[in-house]
Amino acid sequence: MSEAGPLLLDARGLRKQYDTREGARITALEEVSVSLADGEFVSVVGPSGCGKSTMMKLIAGIVKPSAGEIIYRGQVVTRAQRGMGVVFQSPVLLPWLTVLENVLVPIRVLRMDRAPASARARELLELVGLTGFESKYPSELSGGMQQRVGIVRSLIHDPGLLLMDEPFGALDALTRERMSLALQRIWLANRKTVFFITHSILEAVFLSDRVIVMSARPGRILQEFTIPFPRPRDFDLTSTAEFGDFAREIRHLLGASVDV
Amino acid sequence: MKARLREAFWLLVSAFVAIGIWQTLISLTGLPKYVLPPPGAVWHELVAGLTADPSSRASIWYQLSDTLVATLWGFLLGGVGGVSLAAVMAEFRFVQKVLFPYVVGFQSLPKVAIAPLYVIWFGYEMEPKVAMSATLAFFPVLLNAMQGFVAIERDRMELFASLDASRWQRFVMIKLPSAAPLIFAGLNLGIVYALLGAIVAEFIGAQRGVGVLITQLQSVSDTAGVFAILVVLAVAGYVLITVMRLLQKHFVFWQASDTPPDAS
């Protein structure tokens with residue numbers, strides 16, 4: 001188990017309601033509180049529509065909460081934070097830019113120094129096995145490679161907190177496993193705080209220090225699990241009895257909540 | 001390469017067949033020359049018009065250059081105006097709410113009907129032609145660009161929102177390139193309409209231009225001459241469209257691939 005650092009993010013009593021076009025009010029998220037310690041890898045699992053993505057957007061400052069507040073590094077979050085990196089479900093690469101230019105988009109937006117960022121981009125691309133692809137365009141890459149570029153882009157401006165919204169959701173099972181290993185490698189190399197949203201129980205347990213299990217709409221936190229396995233972890237771990245116990249318990253919890 | 005050669009071959013064959021039918025029709029029906037001139041007469045007029053002294057009014061080049069200058073200026077003004085207004089309307093909802101009814105109203109108006117007014121306002125030189133050309137080019141560009149600015153992937157906007165990007169950054173780095181394929185769709189229509197606008201203005205009243213030449217030839221029933229100019233205009237239009245396509249390919253090279261790989 002990793003040492004929990006000082007508190008990085010504290011979200012208290014988050015609620016998010018939407019008004020539909022028919023005038024009905026939908027509660028996507030209800031009374032959710034979560035805190036992240038510096039350097040911690042925390043996953044959220046839950047059924048579709050449990051407000052996982054909404055929670056991430058609230059933390060990212062893209063969406064405003066209906067109630068509750070988010071404190072990041074001691075400051076109340078009211079707008080998007082430059083100290084956060086976001087990875088979306090799809091890679092969201094810009095097709096008119098090369099891989100390297102895509103990775104450097106945050107540097108351009110944040111008006112940071114380009115030269116050291118380029119060097120860092122090459123290092124990160126190497127870490128995810130994309131050396132030699134710098135000047136390719138996204139359309140020349142496979143889905144898994146594109147998503148890796150998206151992850152590198154989210155890290156390029158050295159954010160303190162990485163928010164990932166089902167980043168491997170669109171990939172095939174084999175690629176997902178490889179991506180999980182790549183993400184672990186990145187995490188061990190950088191020790192960012194990661195807030196990882198997934199509907200894969202296996203992925204959550206494999207990658208995390210802590211797994212938060214959520215219920216279906218309105219999204220609530222059902223239970224939290226602390227995952228004690230030492231790192232680096234490999235996929236043999238997933239067939240051990242201890243790992244299986246965690247996975248089973250989480251699955252039962254979700255099964256009691258709703259069909260996943 | 002082989003496929004291209006075969007295409008060119010059949011194109012030539014079909015052209016010969018069409019000209020053959022044309023000639024046969026005239027021989028069989030005895031249609032007078034001023035109704036349907038024989039292909040040979042059209043060819044003769046074409047060669048005469050193209051080889052005449054380029055500074056004389058009989059030269060097709062002399063007339064066409066003036067029409068094309070008006071077309072390009074009109075296209076430039078209409079294109080820049082269309083994209084700019086679309087951008088402003090997409091960025092500021094209020095402007096869109098106020099202006100959109102006028103756009104719809106103008107769009108429903110047969111715009112060539114404004115041409116006589118332009119002649120009154122701007123005279124018989126280049127200005128009314130450019131104005132008419134710009135007016136016709138403006139609307140397809142505006143409407144396509146508006147659609148382009150509105151239909152931007154939500155994920156792209158959220159990526160930039162997560163970086164707290166400024167409005168200007170969002171516009172330049174995301175909205176403009178995302179809208180580029182549709183802007184070009186509008187420009188491809190715009191260039192054709194620009195040529196149409198210039199010729200319409202020349203019909204109404206101008207000193208010089210292909211439209212002027214057509215009306216002059218028409219007044220003396222020189223049908224073969226009119227046909228020759230139509231051939232020239234078809235070629236000119238084809239060249240303009242081809243240039244636009246090449247520009248599009250260059251600037252929007254990613255267009256074919258701009259669909260998310262996991263759109264499923």
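Trainee: How much area do chain B and chain A bury between them?

Mentor: In this predicted model, the two chains bury about 2300 Å² between them, and 66% of it is on carbon and sulfur atoms.

Trainee: Which three residues of chain B supply more of that area than any other three?

Mentor: They are B:Leu163, B:Asp164 and B:Met173, which supply 26% of the area that chain B buries against chain A.

Trainee: And how many residues are in contact on each side?

Mentor: On the chain B side there are 22 residues, in contact with 28 residues of chain A.

Trainee: How many salt bridges cross the interface of chain B and chain A?

Mentor: The rule finds 2 salt bridges there. One of them joins A:Arg79 to B:Asp164, with the closest N and O atoms 3.0 Å apart. B:Asp164 is also among the three residues named above for buried area.

Trainee: Let us turn to chain A itself. Is strand E8 of chain A mostly covered or mostly open?

Mentor: Strand E8(A), residues 193–198, is mostly covered, with 6 of its 6 residues buried.

Trainee: Which residues point which way from E8(A)?

Mentor: A:Thr193, A:Phe195 and A:Ile197 point one way, while A:Val194, A:Phe196 and A:Thr198 point the other way; all are buried.

Trainee: Which strands does E8(A) pair with?

Mentor: Strand E3(A), residues 41–45, runs parallel to E8(A) and is joined to it by 5 bridges. Within that pairing, A:Phe41 has A:Val194 as its bridge partner. Strand E7(A), residues 161–165, also pairs with E8(A) in the parallel sense, over 5 bridges, and there A:Leu163 stands opposite A:Phe195.

Trainee: What unit do E7(A) and E8(A) make with helix H6 of chain A?

Mentor: Together with H6(A), residues 173–190, they make a right-handed β-α-β unit.

Trainee: A:Arg176 lies in that helix. Is it buried or exposed?

Mentor: A:Arg176 is buried, with a relative accessible area of 16%; the cut-off for buried is under 20%. Leaving aside its neighbours within four places in sequence, A:Arg176 is in contact with A:Phe168, A:Gly169, A:Leu171, A:Thr198, A:Ser200 and A:Glu203. One of these, A:Thr198, belongs to E8(A).

Trainee: How far is A:Arg176 from A:His199?

Mentor: They are 23 residues apart in sequence and 12 Å apart in space, C-alpha to C-alpha.

Trainee: Where is A:Gln147, and what lies 3.0 Å from its side chain?

Mentor: A:Gln147 is in helix H5(A), residues 143–155. A polar atom of its side chain lies 3.0 Å from the backbone oxygen of A:Gln89. A:Gln147 is buried, with a relative accessible area of 2%. Beyond its neighbours within four places in sequence, its contacts include A:Val87, A:Phe88, A:Pro167 and A:Met179.

Trainee: New topic: in what order do the 4 strands of the open sheet in chain A come?

Mentor: The order is E2-E1-E4-E5, with antiparallel pairing. E2 and E5 of chain A are the edge strands, each pairing on one side only. Strand E1(A), residues 7–19, pairs with E4(A) over 5 bridges, and the partner of A:Asp10 in E4(A) is A:Ile71.

Trainee: What is the phi of A:Arg73?

Mentor: Phi of A:Arg73 is near 50°, again a positive value in a residue other than glycine. A:Arg73 sits in the loop between strand E4 (67–72) and strand E5 (75–76) of chain A and is exposed, at 51% relative accessible area. Most residues other than glycine have a negative phi, and most peptide bonds are trans.

Trainee: Is the peptide bond from A:Arg231 to A:Pro232 cis or trans?

Mentor: That bond is cis, with omega near -5°. A:Pro232 lies in the loop between strand E10 (221–226) and helix H8 (241–257) of chain A.

Note on methods: Residues are numbered from 1 along each chain as its sequence is written. Chains are lettered from A and ligands numbered from 1 in the order in which they are written. This is a predicted model: local features need pLDDT of at least 70, side-chain atom pairs count only at pLDDT 80 or more; totals for chains, interfaces and linings use all residues. Side-chain values use heavy atoms; hydrogens and water are left out. Buried means under 20% relative accessible area, exposed over 50%, partly exposed in between (1.4 Å probe, protein chains only). Helices (H or I, at least four residues) and strands (E, at least two) are DSSP runs, numbered from the N terminus. Two strands pair if DSSP finds at least two bridges between them. A crossover is right-handed if, with the strands pointing away from the viewer, the path from the first strand over the helix to the second runs clockwise. Contact means heavy atoms within 4.5 Å. Buried area is the accessible area (1.4 Å probe) that two parts lose on being put together, summed over both. A salt bridge is a side-chain nitrogen of Lys or Arg within 4 Å of a carboxyl oxygen of Asp or Glu. A polar contact is a pair of N or O atoms within 3.5 Å; within protein, one must be able to donate a hydrogen and the other to accept it, and residues adjacent in sequence count only if both atoms are side-chain atoms.
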